[in-house]
Amino acid sequence: GDSSKMRDLRVSLHLRRGDACRHSLFDYAKNASPLDSPPQFSSHRLCYDTEVYMKALKRVQELAGSDRHITVYVATDHSQSLMDELKSRFSDLYASMSWSYLDYSRKIFNYFAGQE
């Protein structure tokens with residue numbers, strides 16, 4: 001196989017925002033939760049500042065080494081605003097990786113259909 005493909009690293013990143021968070025919009029946790037922290041459910045879920053995710057990606061990049069290209073697959077309901085934030089606040093990190101995400105509006109989903 002193609003040895004350059006073996007060096008590529010793929011990272012999945014799920015960023016929660018808005019109604020998935022237990023706190024007010026834009027009041028995100030500034031530090032990652034410890035790995036041994038209890039699970040988070042619905043209304044008791046923390047959301048994290050974008051910087052928390054970028055620090056983790058930077059660490060992945062450092063561990064992977066400079067010869068490995070990183071592609072980040074982003075899952076979020078706020079893809080366009082997130083990409084804009086990454087380009088402005090984390091431009092060097094943004095430019096050093098490839099980013100893949102779906103850009104769609106949540107308005108297409110009918111969350112109340114079928115509920116009794």
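# Report on a predicted single-chain model

At a relative accessibility of 42%, Arg89 counts as partly exposed, a class that lies between buried (under 20% relative accessible area) and exposed (over 50%), computed with a 1.4 Å probe and protein chains only. The structure is a predicted model, in which local features need pLDDT of at least 70 and side-chain atom pairs count only at pLDDT 80 or more, whereas totals for chains, interfaces and linings use all residues. Residues are numbered from 1 along each chain as its sequence is written, and side-chain values use heavy atoms, with hydrogens and water left out.

## Overall organisation

The secondary structure of the chain consists of four helices and three strands. These elements are DSSP runs numbered from the N terminus, with helices (H or I) of at least four residues and strands (E) of at least two. Along the sequence, their order is α-β-α-β-α-α-β. The chain has 116 residues, and 29% of them are buried. Its accessible surface comes to about 8,300 Å², and carbon and sulfur atoms hold 53% of that area; accessible areas come from the Shrake-Rupley method with a 1.4 Å probe, and for residues only the protein chains shown count as cover. Of the contacts (heavy atoms within 4.5 Å) with a separation of 6 or more, 67% are between residues 24 or more positions apart.

## Helix 3 and its packing

Helix 3 spans residues 79-89, and its buried residues are Ser79, Leu82, Met83 and Leu86. Viewed down the axis of helix 3, these residues fall within an arc of 100 degrees, so they line one face of the helix; the arc is taken from the directions from the helix axis to the C-beta atoms. The buried residues of helix 3 pack against helix 2 (50-64), strand 2 (70-75), helix 4 (91-96) and strand 3.

## Salt bridges

Side chains of opposite charge can pair when their charged atoms come close. With a salt bridge defined as a side-chain nitrogen of Lys or Arg within 4 Å of a carboxyl oxygen of Asp or Glu, the count comes to four. One of them joins Asp49 and Lys30, at 3.4 Å from N to O. Both Asp49 and Lys30 lie in the loop between strand 1 (9-14) and helix 2, so this pair ties together parts that are 19 residues apart in sequence.

Asp49 also meets Arg89 in a salt bridge, at 3.5 Å from N to O. Since Arg89 lies in helix 3 and Asp49 in the loop between strand 1 and helix 2, the pair ties together parts 40 residues apart in sequence. Arg89 forms a salt bridge with Glu51 as well, with the closest N and O atoms 3.8 Å apart. Here Arg89 lies in helix 3 and Glu51 in helix 2, so the pair ties together parts 38 residues apart in sequence. A network of salt bridges links Lys30, Asp49, Glu51, Glu85 and Arg89.

## Aromatic pairs

A pair of aromatic rings is described by the distance of the centres and the angle of the planes. Rings of Phe, Tyr and Trp (its six-membered ring) pair if their centres lie within 6.5 Å; planes under 30 degrees apart count as stacked, over 60 as edge-to-face and the rest as tilted. The whole structure holds two aromatic pairs. Tyr48 and Tyr53 form an edge-to-face pair, 6.3 Å centre to centre with 80 degrees between the planes, and both Tyr48 and Tyr53 are buried. Tyr94 and Trp99 form a stacked pair, 5.6 Å centre to centre with 15 degrees between the planes.

## Accessibility of selected residues

| Residue | Relative accessible area | Class |
|---|---|---|
| Lys30 | 56% | exposed |
| Asp49 | 11% | buried |
| Glu51 | 34% | partly exposed |
| Tyr94 | 22% | partly exposed |
| Trp99 | 15% | buried |
| Tyr104 | 31% | partly exposed |

## A nonpolar surface patch

Tyr104 lies in the segment after strand 3 (98-100). Together with Leu102 and Ile108, Tyr104 forms a nonpolar patch on the surface, with about 330 Å² of accessible area in total. Patches are made of residues with over 30% relative accessible area and no salt bridge: like charges are joined within 9 Å, and nonpolar side chains (Val, Leu, Ile, Met, Phe, Trp, Tyr) within 5 Å. The C-alpha atoms of Tyr104 and Ser79 are separated by 8.0 Å, although these residues are 25 residues apart along the chain.
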